[in-house]
Structure formats: C-alpha cells, structure tokens
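Trainee: I keep running into labels in structure write-ups and I'd like to know what stands behind them. Can we go through one model together?

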Amino acid sequence: MKIDSERLAANFITLCEIDSPSRREGRVAALLKEIFTELGADEIVEDDSARTTGSDSGNLFIRFNGTLEREAVFFNCHMDTVEPGTGVRVRREGDTFFSAGDTVLGGDDKSGIAALIEAMRLVRARRLEHGPLEFIFTTCEEIGLLGAKALDPAMIRAGSGYALDSSGFGRVILGAPAANRLHIIIRGVAAHAGLHPERGISAIKLAAQAIAAAPCGRINKDSSINFGTIRGGEASNIVPAEVVIDGEIRSHSGRELDELTGRVRAAFSQVIDDWQDPGGEARGRPGLSFAAPLDFPVMKLRPDDLVIRRVAEAARLIGLDLKYESAGGGSDANIFNGYGRPTAIIATGMTNVHSTDEQISLRDLTGLTRLLVAIITL
Ligand SMILES: [Zn+2]
C-alpha cells in the first residue's frame, strides 16, 4: 500500500498553518467541510455546541456510508491547538516538521486530522471497500474537553472508535484516569490584624491546616491529588476572610476517586468543625464550601474489546508492532468512553507536544495513515 507522503506532508503543513487555538477552530472546520465534500462524504453535520463552548465552530460529524456490512467505526481528532498557537509557520528539515517560530507546531492534533484525510483520499482513489465510517472533529479539547462534553451523544452513530491523539508512535492507549475538579472555599472572619485580631478568624491558617491534613501528591499507582492554585487574603494588616483553593483528584478507579474525594472533604470539614475560639471574641464561625464535580470519566478498555481487536488485526496486516499502555491524562476519549462508546487512543507520532519544540516525522505520519487505511478497510 503506497502512501502519497508528499501530498500528506503538504496537507499537514496547510492544516498547521491555519491557526486554530481553542474557540477559534472555525477556519479549520471550514476547510474540513470542503475537503470531505470533495471526498464524497454522505453527510456533513456541524452541531450546535458552539453555543455552549463559545467557539466560532461546532463539532463536525462527517459520515461515509460505505459498501460493506460492518459495524460502524468512528475516528476522533480535536481541531484546536494550545497556545502559543497564533501565526504558526511550519519548518521542514528533511522529513521532520517543527514550528518555525515561537509557536507550537499544532501537530497535536493536526497530525491525526492529516493522516485521516490522506487515508480517506487513498481509500476513495483506489475505490477500496469499507463499512460505515464517522469522523468526529471536536472543538476546545485543550481547554477542558469542552467540545466533546457539549456534543449530544445521540449524534454518534458508530458504536466504538478511535481518538487519534497521543504522542509517540505505535502506541494504543487502553486506559486513562477519571478526574474530579476541586473547588474549595474556606470562609473566616475579617478583622484588623493589629487592633482586634481576636475578633477575626484566619481563613489562611485554616486552609494551611486542612491542606496539611489532606492526602496530596501520588497516592498510589492509580491515583493522585493536587491542590493547584490558592488565592486569599486582602492585606498584611487584615485577618484573611476567604481562601479559594482549586485542584484535582485523578484515579484509574472510579471507586477510589470517590473514596479519595471523601477523604479530602473530610480533612477540610474536620478542620472547620474542630475550630475553637480561644478568646471567645471571634465575630462568627468559619465556613466551608466544598465542590468536587466530575471533570471526566475513567477510560478502561480490555484487550478483547472489539475496538482493540480491530486495531490489533489492522496492525498485524501491515506488520506494525503495537504497544498497549495507560495514560495519565484526560482527553476527548474519556468523554466518548463515558458516552458508552468504547474509544481507544492511537498515537500519531507527535512529540514534545504543548511546547514550541513540538515535532513530528513524515515517516510516522505515513505509518499512521497506513494503519488507518488498514482499520478502515478491515
Ligand atoms: Zn491533543
């Protein structure tokens, strides 16, 4: 199977050089509509998620009916890139792509998009038979998986699929943790720190006690906790009335996520409940508001799941060795798995992502394209 790697390279560069930081994916979305119309897509739908995400584009659903009786499969890439992602120019050295300047390359996730387009170009040009395909291009992945969260899961026709969105090559991600987002407010009482400190209750002191008592950092191989930001206090001569702490709890086990969230909550509650007024002059009592909503659900696939067997068979056909791994981060795949659509992540070859040193080789992009064609035509 000969891949037209120069056409792939040209298209990859074009995609990278159309800026699409989160919430400004519109130009890339417009190009994708054009390309897939030319490729004879049976259906191109933009959803109304822009109302929720604030993007200048919705998520795109592009469908090919195919001619084979197969279970439908979807492929997902996100259209947005991280900052600095404005004014991207691609530098090519031999067969490696870098950003020319002070921006990211945006191969995250345009490597996946470019390979998918090239795979489909090849499939159409050779009239290769395939089953029903669905391409789902999301917005705002990099700022909290907002596009995937805002899409209506009823719109996903395929029962399972692949997110093309991870660094390295030949890796398939089977699992990723769930996360709860922590938003904790501790309320004390303000007072003049020199004249009437006994009238106040220091929210900073209480926060320090609670954080010291709470579990934090790596808990075990599956779970971690982080207090990421802390804000509070007004001035050095005012007993601080409020502290706001934001953080996260991650775990590959949903049950452990609940349990750890309970332990963090208990540590904070206990400090507030145990507070005693030493002089009996405080003008109130401390208070706590503790929120830990689910940020993204756990992703856990088994080697015998159809979606894994399918990529394994495709890789075998083209003689590619795959490594199956777990990831530490959350991505759109967590959200799709949460929608009841088993979704594995396939690495695209990108490296040093989310930095101005980001790079990718044409060899890996070509290898990914070959794997995609094999999955599509299986
Ligand atoms: Zn990505």
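This is a predicted model: local features need pLDDT of at least 70, side-chain atom pairs count only at pLDDT 80 or more; totals for chains, interfaces and linings use all residues.

Trainee: What makes H4 and H10 oblique?

Mentor: H4 (residues 107–125) and H10 (residues 362–376) pack at about 55 degrees, with axes 8 Å apart. Roughly parallel needs under 35, and roughly perpendicular starts at 65, so H4 and H10 come out as oblique. This crossing is right-handed. The contact residues of H4 with H10 divide into 11 nonpolar, 2 polar and 1 charged.

Trainee: Which residues meet there, between H4 and H10?

Mentor: On the H4 side they include Ala115, Leu122 and Val123, and on the H10 side Leu365, Leu372 and Ile376 are among them.

Trainee: On to strands. How do you know that Val243 is buried?

Mentor: Count the C-beta atoms around it. Buried takes 20 or more others within 10 Å; Val243 has 23, so Val243 is buried. This residue sits in strand S12 (residues 242–251). Leaving aside neighbours within four places in sequence, Val243 is in contact with Ile186, Ala203, Ile204, Ala207, Ile230 and Gly232.

Trainee: How far from Val243 is Ala208, in sequence and in space?

Mentor: They are 35 residues apart in sequence and 10.0 Å apart C-alpha to C-alpha. For the chain as a whole, residues 24 or more positions apart account for 77% of the contacts with a separation of 6 or more. Of its 378 residues, 46% count as buried.

Trainee: What makes S4 and S18 edge strands?

Mentor: S4 (90–93) and S18 (359–361) each pair on one side only. They belong to an open sheet of 3 strands in the order S4-S5-S18, with antiparallel pairing. The twist there averages 25 degrees from one strand to the next.

Trainee: How do you know that S4 and S5 pair?

Mentor: Pairing takes at least two bridges, and 4 bridges join S4 to S5 (residues 96–99). One example is Arg92, whose bridge partner in S5 is Phe97.

Trainee: And which strands pair with S17?

Mentor: S7 (residues 160–164) runs parallel to S17, joined by 4 bridges, and Ala163 has Ile345 as its bridge partner in S17.

Trainee: Which way do the side chains of S17 point?

Mentor: In a regular strand the side chains alternate between the two faces of the sheet. In S17 (residues 343–346), Thr343 and Ile345 point one way and Ala344 and Ile346 the other, and all are buried.

Conventions:
Residues are numbered from 1 along each chain as its sequence is written. A residue is buried if 20 or more other C-beta atoms lie within 10 Å of its own, exposed if 12 or fewer, and partly exposed in between; C-beta atoms are placed from the backbone. Two residues are in contact if their C-beta atoms, placed from the backbone, lie within 7 Å. Axes are lines fitted to C-alpha atoms, for helices over the stretch in contact, and angles run from 0 to 180 degrees between N-to-C directions. Helices (H or I, at least four residues) and strands (E, at least two) are DSSP runs, numbered from the N terminus. Angles under 35 degrees count as roughly parallel, over 145 as roughly antiparallel, 65 to 115 as roughly perpendicular and the rest as oblique. A crossing is left-handed if the near helix is turned anticlockwise from the far one by less than a right angle, and right-handed if clockwise. Ala, Val, Leu, Ile, Met, Phe, Trp, Tyr, Cys and Pro count as nonpolar, Asp, Glu, Lys and Arg as charged, and the others, Gly among them, as polar.
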